[in-house]
Amino acid sequence: MKIKIFADGANIEDMKKAYDLKLVDGFTTNPSLMKKSGVKDYKNFARNVVKQIPDMSVSFEVFSDDLETMEKEALVLKEFGKNVFVKIPIQNSKGESTILLIKKLSELGVNINVTAIYTPEQVKSVVDNVDAKSKTYVSVFAGRIGDASMDPVPIVKEAEKLCHSKENIYLLWASTREVYNIIQAEQLGCDIITVPNNILEKHNSPEKTLNELSLDTVKGFIKDINDLGYSIL
């Protein structure tokens, strides 16, 4: 497959394992994943990740909600390594656009991962404003769009055309929900897909036929029945 698979998580042991086994092509993190993994010191965590993973793309997100502080944080994160991409949300919690900050950072040579993107209009605003001398990931939250009972495919198709109209812009399928999303993202022309560890494990497990999967399912039922100790007769 041409598409690059990035592991989505913030557990340094899991990240190092995936790196050592060459299961992925890069890594993404975010504040929610750091909270879940119990990260206490952001800067030490980031430095350790770059030390352990020096030659694959790693995305770290700014924490601030105001644009001025976001810029300062982005410039700090940039210095952790040449493989670092700084994650900037397309807007802050007040609904204020971050596009002028994204434009400024891109012109300063910061590689950016623009996150929390849901609409073609947001994609276009990024494409129109980033500088080709820097690399940019455009993270479309396809999984969450699907969770909202909307079809992400037309949005991703439009995003692909926009992103690939300019050099050094890479379309990223975010919020992956199932292994088949990897196939979908590849078919739609995405450059990258972020995959959480539970789906990464399924993706790297031995392939099985549908009959084998059927048998595994029945075996699972039998195990649970035996554990429950139920009786109908």
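The model is predicted: local features require pLDDT of at least 70, side-chain atom pairs count only at pLDDT 80 or more, and totals for chains, interfaces and linings use all residues. Residues are numbered from 1 along each chain as its sequence is written, and side-chain values use heavy atoms, with hydrogens and water left out.

**The whole chain**

Begin with the complete protein chain, displayed as a cartoon. Its secondary structure comes to 11 helices and 8 strands; helices (H or I, at least four residues) and strands (E, at least two) are DSSP runs, numbered from the N terminus. Along the principal axes, the C-alpha atoms fill a box of roughly 70 × 40 × 35 Å.

The accessible surface comes to about 13,200 Å², of which 53% belongs to carbon and sulfur atoms; accessible areas come from the Shrake-Rupley method with a 1.4 Å probe, and for residues only the protein chains shown count as cover. Of the 233 residues, 43% are buried, where buried means under 20% relative accessible area, exposed over 50%, and partly exposed in between (1.4 Å probe, protein chains only). Among contacts with a separation of 6 or more, 65% are between residues 24 or more positions apart; a contact means heavy atoms within 4.5 Å.

**The barrel**

Select the strands. They form a closed barrel of 8 strands in the order 1-2-3-4-5-6-7-8, with parallel pairing. Neighbouring strands of this sheet are turned by 30° against each other on average, direction ignored. Two strands pair if DSSP finds at least two bridges between them.

Select residues 26-28 and 57-61, which are strand 2 and strand 3; these pair in the parallel sense over 3 bridges. Phenylalanine 27 stands opposite valine 58 in strand 3. Axes here are lines fitted to C-alpha atoms, for helices over the stretch in contact, and angles run from 0 to 180 degrees between N-to-C directions.

Now select strand 8, residues 192-196. This strand is largely enclosed by the rest of the structure, because 4 of its 5 residues are buried. On one side, 5 bridges join strand 8 to strand 1 (residues 4-8) in parallel, and phenylalanine 6 stands opposite threonine 194. Strand 7 also runs parallel to strand 8, joined by 2 bridges, with tryptophan 173 opposite isoleucine 193.

**Serine 57**

Return to strand 3 and select serine 57. This residue is buried, with a relative accessible area of 12%. Which side chain does serine 57 join through a polar contact of 2.9 Å? The partner is tyrosine 137; a polar contact is a pair of N or O atoms within 3.5 Å, where within protein one must be able to donate a hydrogen and the other to accept it, and residues adjacent in sequence count only if both atoms are side-chain atoms. Beyond four places in sequence, serine 57 touches residues including Phe6, Phe27 and Phe85.

**The loop between strand 4 and helix 5**

Select isoleucine 90 and threonine 98, both in the loop between strand 4 (84-89) and helix 5 (99-107). Isoleucine 90 counts as buried at 5% relative accessibility, and threonine 98 is buried at 0%. The two residues are in contact with each other. Beyond four places in sequence, threonine 98 also contacts Leu67 and Met70, among others, while the partners of isoleucine 90 include Val114, Ile117 and Val126.

**Helix 8 and the cysteines**

Select residues 153-163, helix 8, in which Val153, Ile155, Val156, Ala159, Leu162 and Cys163 are buried. Their cover includes helix 6 (120-129), strand 6 (136-140), helix 7 (142-147), strand 7 (169-173) and helix 9 (180-187).

Finish with cysteine 163 and cysteine 190. Cysteine 163 has a relative accessible area of 0%, and cysteine 190 also counts as buried, at 6%.
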